[in-house]
Amino acid sequence: MIKNREVLFFCCFVFFSVFYALVAAGYLWSGYMPAFGQQVYDYYYLSLIDGRMDISPRIIRFEGHYTPDGLAVIYHGVAPLVTRALLAPFVDIRSLSLAPFSIWLWSVIGTGIYHALFARYLANQVIEKNSVYLQLQFLLAIGLWLGGPGLLLVANTAMYHEPISMTYALVAAFVWLILWQHRNMPGRDMRWRLVLLALLAGLVLHARPNVAVGLYLAVGLLSLYSLYRNWRLALVPVACAGIVLGLLTAGYLGLNAMRMGSLFAVHGSFGASDIQYGETFFGLEQTDSIRAAAFEQYGRFNPLRIIPNLVIYLGDFEFSSASVLLRWIHAVIISAMVGFVRIEGPSVGVIFLWPLWFILAVLGAKRLRLALTPTTLLLAGLACSELLTLSYGTIALRYRIDMWPMIAVLLIPGIQSFAAVPAAGGHARPQLLAIAAVILFGAFISLKAAAVYSEYFTYNIFSLPWSDAECHDIMRHKGFDQADVERLCLI
């Protein structure tokens with residue numbers, strides 16, 4: 001029997017999927033130029049099937065990592081190439097980029113999974129015949145689809161969002177495997193789910209390694225948990241999960257060795273080296289810039305950045321004058337400890353973007369029972385990923401999406417507070433209106449941030465495409481002879 005909740009979920013999924021498609025296609029917030037790097041993964045795919053690791057400088061431009069002879073490689077993983085492998089036989093990806101579709105697809109999948117998970121937990125807390133129930137479910141959908149990470153992802157289809165959107169969907173599936181089925185099936189089923197969890201974690205490694213670190217930790221802890229419960233039954237599944245992780249990790253390290261010259265190198269250096277970051281290779285950024293100095297002296301990840309960066313990630317609001325003071329304090333603290341930290345706009349704190357979800361996560365954290373359960377082990381892994389993100393030397397709106405899985409897991413026990421509204425009797429209406437006000441506020445801020453964000457990576461020198469003549473000039477200025485210029489600028 002189909003329930004009202006399932007009908008509502010289906011209608012919301014279809015409606016907001018179409019809305020996301022309009023946003024990703026540029027029909028709501030469009031400019032005269034596409035976002036930077038939409039063709040990068042398309043041409044990266046073509047290079048790989050042609051047996052090469054490099055990509056034309058005209059495609060990757062300043063975001064590439066260059067060898068001394070001018071060959072450009074990218075540090076990004078190959079996981080987002082899945083959509084190219086499936087669709088390239090049917091689409092001419094040289095003329096039609098799959099980036100907007102890819103970002104839309106993963107954003108819809110990720111948001112749909114979280115929506116299904118939250119709706120199910122809400123249904124477990126509320127009697128479906130209650131008159132307020134469907135109103136709560138509808139508010140849940142509005143708050144997640146318009147006031148959640150998916151909208152920010154589809155608002156800007158630059159290359160940076162491809163691995164992030166795919167990671168968003170894969171981590172959603174990771175969370176779903178642990179939380180949904182763990183609540184509804186016997187604990188013994190966790191054993192073979194370890195193999196699927198390992199597969200998801202390994203794929204995330206090929207999309208967003210800093211997030212994968214936490215997922216690897218979670219898989220490891222869950223494996224130990226399964227062995228602790230019944231090592232005889234868990235031994236084979238744990239071994240299979242380990243093989244999956246080993247193969248995917250070996251593949252990632254092998255790719256690093258082929259394109260970067262080292263198993264563990266994931267980024268070119270700012271100074272002269274065998275692989276140099278494009279901005280410094282072409283002189284757009286000096287090798288002794290304050291950002292380069294901070295990375296070289298204090299590292300790309302530094303634990304001393306965690307607390308100051310967390311303040312910005314949670315409480316910054318670029319559209320207000322208070323943001324100037326907050327950033328000044330942050331800059332003073334950070335520069336004294338670990339050098340310069342770049343804050344990319346638009347910088348909007350989590351408590352403004354996702355206010356209801358943040359409140360429910362705080363309430364959920366208070367309700368959380370600290371015991372040896374799959375949920376707490378999952379949180380341990382997600383916390384590791386979040387700390388890595390917070391310790392990085394750049395703060396960006398898209399990096400806030402790395403914080404979402406932790407919020408999502410914590411807010412589930414907080415849904416009990418959300419679900420208490422129908423039990424309030426005559427007081428339910430004011431509480432429902434208060435919840436609606438918070439959701440609409442978050443949706444408004446998210447829509448405003450998305451509209452502003454849609455213009456990023458489009459109208460600056462970093463994003464401007466290179467014509468054949470411009471590429472020739474840039475390469476000649478770099479010192480390459482005419483034969484090399486012709487070779488390097490060929491698409």
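Reply: Helices and strands here are DSSP runs, a helix having at least four residues and a strand at least two. The model is a predicted one.

Me: How many helices and strands does the protein chain have?
Reply: Elements are numbered from the N terminus. On that basis, the count for the protein chain is 21 helices and 5 strands.

Me: What radius of gyration does the protein chain have, and what would a compact globule have?
Reply: The protein chain contains 491 residues, for which a compact globule would have a radius of gyration near 23 Å. The value for the chain agrees with this, being 23 Å.

Me: Which residues of helix α20 are buried, and why do they line one face?
Reply: Helix α20 covers residues 468-478. Seen down the axis of α20, its buried residues fall within an arc of 100 degrees, so they line one face of the helix. They pack against α3 (57-60) and α21 (482-488). The buried residues are C471, H472 and M475.

Me: Which residue just after α20 takes a positive phi?
Reply: The phi angle in question is about 110 degrees. The residue that takes it, just after α20, is G479.

Me: Is L28 buried or partly exposed?
Reply: L28 lies in the loop between α1 (4-24) and α2 (40-49). With F10, V14, V18, L22 and Y27, L28 forms a nonpolar patch on the surface, and together they have about 600 Å² of accessible area. Buried means under 20% relative accessible area and exposed over 50%. L28 has 37% relative accessibility, and therefore counts as partly exposed.

How values were computed
Residues are numbered from 1 along each chain as its sequence is written. This is a predicted model: local features need pLDDT of at least 70, side-chain atom pairs count only at pLDDT 80 or more; totals for chains, interfaces and linings use all residues. Side-chain values use heavy atoms; hydrogens and water are left out. Buried means under 20% relative accessible area, exposed over 50%, partly exposed in between (1.4 Å probe, protein chains only). The arc is that of the directions from the helix axis to the C-beta atoms. Contact means heavy atoms within 4.5 Å. Patches are made of residues with over 30% relative accessible area and no salt bridge: like charges are joined within 9 Å, nonpolar side chains (Val, Leu, Ile, Met, Phe, Trp, Tyr) within 5 Å. Accessible areas come from the Shrake-Rupley method with a 1.4 Å probe; for residues, only the protein chains shown count as cover. A salt bridge is a side-chain nitrogen of Lys or Arg within 4 Å of a carboxyl oxygen of Asp or Glu. The radius of gyration is taken over C-alpha atoms; the globule rule is 2.2 Å times the number of residues to the power 0.38.
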